[in-house]
Amino acid sequence: MQPLKVFSVVPRLPEGLEGLRELAYNLWFSWNGEIESLFAQIDQALWKDTEKNPVRFLNRLPQSKLAELAKDDFYLQRLKEGLQKASNYLSRPSSPLLKDASQENPALVYFSFEFGISSCLPIYSGGLGILAGDHLKSASDLNIPLVGMGLAYKQGYFRQYLTPDGWQQERYPDYDFEQMPITRAKLPNGDPARFTFMVGSHPLTVQIWKAQIGRVPLYLLDTNLADNPPELRALTSRLYGGDLEMRIQQEILLGVGGMKALEVLNLHPKVIHMNEGHSAFAGLERLRSFMRQGLSFEAAQEVAASSSIFTTHTPVPAGNDRFPEDMMRRYFEGYANDIGLAFKVFMALGRENPFNDAEDFCMTVLALKLSRFSNGVSKLHGHVSRDMWKQVWNQYPVEDVPIGALTNGVHAPTWVADDIGLLNDRYLGPNWREDPDCQRTWGQVSNIPDAELWRTHERLRARLIDFARARLRRQLEAQGARRKELQHADEVLNPEALTIGFARRFATYKRANLLLKEQDKLLRLIVDKKRPIQFIFAGKAHPADNGGKQLIKDLIALCRTAECRFNLVFIEDYDMEVAQHMISGCDVWLNNPRRPLEACGTSGMKAMLNGVLQFSTLDGWWDEAYKPDNSLGWAIGKGEEYNDPDYQDFVEIQTLYNVLEHEIIPEFYERGHGGLPRAWIKRMKQALVELGPEFNSHRMVSDYVSKTYVPAYENYLRLSEDGFAAARELAGWRMDMMTKWSSVEIRNVQAGEFKRLFVGEELVIEADIHLNGLSKDHILVESYFGPVKQDGSFASRKIAVMEPVQDLKDGWVRYRGEATPPEAGRFGYTVRAVPTHTHLLDPHSLGLIRWAQP
């Protein structure tokens, strides 16, 4: 039996408490302890039971409790102060860096398949989503006028539970959006924001939800509507669920549907940022929207790409979505016709080799081709990405592939534990929250007394132990464990022992089982009563990854042995709550992926901000943060890369145990007067001083603003002026360039006769270029020089512009430039020519280059 009508019933807040609802529907509370405490202090047990969800919390509060609270003058005054603080925060003007933009008129939209804002909004799975959430939070704190765009997953990512023998199982709770801090987005007339568009040959109706992240609105698309057939309603049921068919439909929804949602909401951001390739179809939809304004495909592509940013997070080819041609034809053959492209040409937009008809359509390739700003998420990952996608620009050396690096950061106010936060407030001042990328602020960490820092850290370790025991007991009760096993759960771990944490996705390349490969060494360490050591593990394997599930099962089996049951613990259902306990309560954060397969690894940054020391392979962020003197933490290896994974495991497990046994454990237990590990505390402080201002999301977002958002925004304004006149001119120039480039030639390259060249001595290089009727203003000639390796390739290179110095016969022009050897050794040079234009942001985008031939 179905009801005739359904109502949303909400609590009646007494006079004076109405502001609680306003605070509950802005996720600013998730990184503002003062606002969170306004809810928590009402009923601590209920706050915990509702998973710190203020909307659900208010809905479950008895009306009598609210009436009693309305008479509490002290509470009412605190609430009034909290509301004033929120008002002051939300009313700050937008950054002036993006001219004429505001929260009502946002400059850009940030697309992501997942967002990790708070545990009470479970639309994230791991690092990608947490990074996206931190990005929005810092954008809010920095007053950047952007909006977020994602999907409203009815069941989110799976919740993990373990069978009695340790095999991972998945459950998918049905979340009630009415009980979450999100609201239905509204049209100006007050109607719910909905729209319908075609996904292949099927109409799809979409409802838009809105989550307020401080100053930043996050719009979430929902297809779970009666208007849609069951298979399309399921598109927003699970994150990373379903088959390849569902994945392409979800990515059409996010990219194409996301752009249409902005139109419905009357929002017209001039820049888009695609966080991973899932949203690359947004670039296509922008292109189509520009064509509907009368631009040619070429002009529309240049406008769209010149104002788009793409961030890749995946360092392995298998992690990038690819769709076969027959599937793409079902969904995009009509789309290709609509933008005037033959389907074969359309498919080339997503192929590394546009002439390979057998290649699948790759979302990362599409995003790279529709963006003029592309980056990896650490310096090492930038290098890996350039090598991975070099075939897209196969005429360029790997180091010239236009994929940069902008290292991730984490949102300090979210991830710093309250106890550490209070310590920071006392000795660093409030600037560590408001300006966490300020070196001067973090430099004051040295003022924190050693004893105070260490006692604070010990409290957090004890709190982690209590949390782990409670969670382990709950796990065992759910499995029907015996009473003796439940008693053991209350006794696991030692609040005074060296505690090492490992928490991450259980993908095989992350090697959660590396410790297990030398179990005799592990057992020798954990049975040491004088210098006890213990490990806490957490993490999920993808539901389809049986290899990852087996790793968990093997680890659980070891944790349950008589020798290890008190020193090794696995906490199931890793989420933001588990992470916040572990990153603040462990002493050492262990990370041992196969280099270079970790794109960044932001969990280590979160731990660092809480004074937890790193012990990691030199991969991701740690490759650029680590110092060889170990003053900030320890490394496993020296950055070697191996072809034989078994040999790599053998070498690195020896290193891991050697450093653990001879450096980490002795230093932790080396106590001076007063029982303090002075050398350990010195490392904690030094890491905070040097790494705190660098590896936080305020620095990251500020870098995106200065290096990508502002240039992309200005590109759009320039190309769109006077009815896109500059874009039309650029498209015409591009067609002329593509026609004439094949006859551009380089000859007579010379640099004089030198038997030897001294360091710092200037080498004058000349070359004759045949322009084939092209203007000298539209060809950039460069000398390309540097040290040369034994195999004849450049070890490194510099590029210098060569200037035209003489017009020769038949369209030839002589160019001249200089090169200077910076050091002794083998030194070489060559010459190249590339197209250039005032409005051309990146000459790589044309795929045209001419190199001097021997």
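Helix α7 (residues 127-141) packs against α29 at an angle of about 80°, and their axes lie 9 Å apart. That makes α7 roughly perpendicular to α29; angles of 65 to 115 degrees count as roughly perpendicular, those under 35 as roughly parallel, those over 145 as roughly antiparallel, and the rest as oblique. On the α7 side the contact is made by Leu 131, Asp 134, His 135, Ser 138, Ala 139 and Asp 141, and on the α29 side by Ser 697, His 698, Met 700, Val 701, Tyr 704 and Tyr 709. By class, this contact of α7 with α29 has six nonpolar, four polar and two charged residues.

The model is predicted: local features need pLDDT of at least 70, side-chain atom pairs count only at pLDDT 80 or more, and totals for chains, interfaces and linings use all residues. Residues are numbered from 1 along each chain as its sequence is written, and side-chain values use heavy atoms, with hydrogens and water left out.

Helices (H or I, at least four residues) and strands (E, at least two) are DSSP runs numbered from the N terminus. Axes are lines fitted to C-alpha atoms, for helices over the stretch in contact, with angles from 0 to 180 degrees between N-to-C directions. Contact means heavy atoms within 4.5 Å. Ala, Val, Leu, Ile, Met, Phe, Trp, Tyr, Cys and Pro count as nonpolar, Asp, Glu, Lys and Arg as charged, and the others, Gly among them, as polar.

| Pair | Angle | Axes |
|---|---|---|
| α10 (281-291) and α11 (297-306) | about 130° | 8 Å apart |
| α10 and α12 (325-338) | roughly 25° | within 11 Å |

α10 and α11 are therefore oblique to each other, and α10 passes α11 in a right-handed crossing. A crossing is right-handed if the near helix is turned clockwise from the far one by less than a right angle, and left-handed if anticlockwise. Gly 283, Arg 286, Leu 287, Phe 290 and Met 291 of α10 meet Phe 297, Ala 300, Gln 301, Val 303 and Ala 304 of α11. That contact of α10 with α11 has seven nonpolar, two polar and one charged residues.

α10 and α12 are therefore roughly parallel to each other, and α10 passes α12 in a left-handed crossing. The contact is made by Phe 281, Leu 284, Glu 285 and Arg 288 of α10 with Met 328, Phe 332, Tyr 335 and Asp 338 of α12. Its residues divide into five nonpolar, no polar and three charged.

A search of the whole structure finds three cavities of 30 Å³ or more. On a 1 Å grid over the protein atoms alone, a cavity is a set of points where a 1.4 Å probe fits but cannot get out, and a pocket is an open set with protein on both sides within 12 Å along at least five of seven lines; lining residues have an atom within 4 Å of a point. Grid points are joined across faces, edges and corners, and a volume is the space filled by probe spheres set on the points. The largest cavity holds about 50 Å³, and its lining has one nonpolar, six polar and two charged residues.

The second largest pocket has a volume of about 1100 Å³. Of its 37 lining residues, Pro 354, Lys 369, Met 738, Ser 845 and Leu 846 lie nearest its centre. α11, α13 (343-348), α14 (363-369) and α29 (697-740) each supply at least two residues of this lining.
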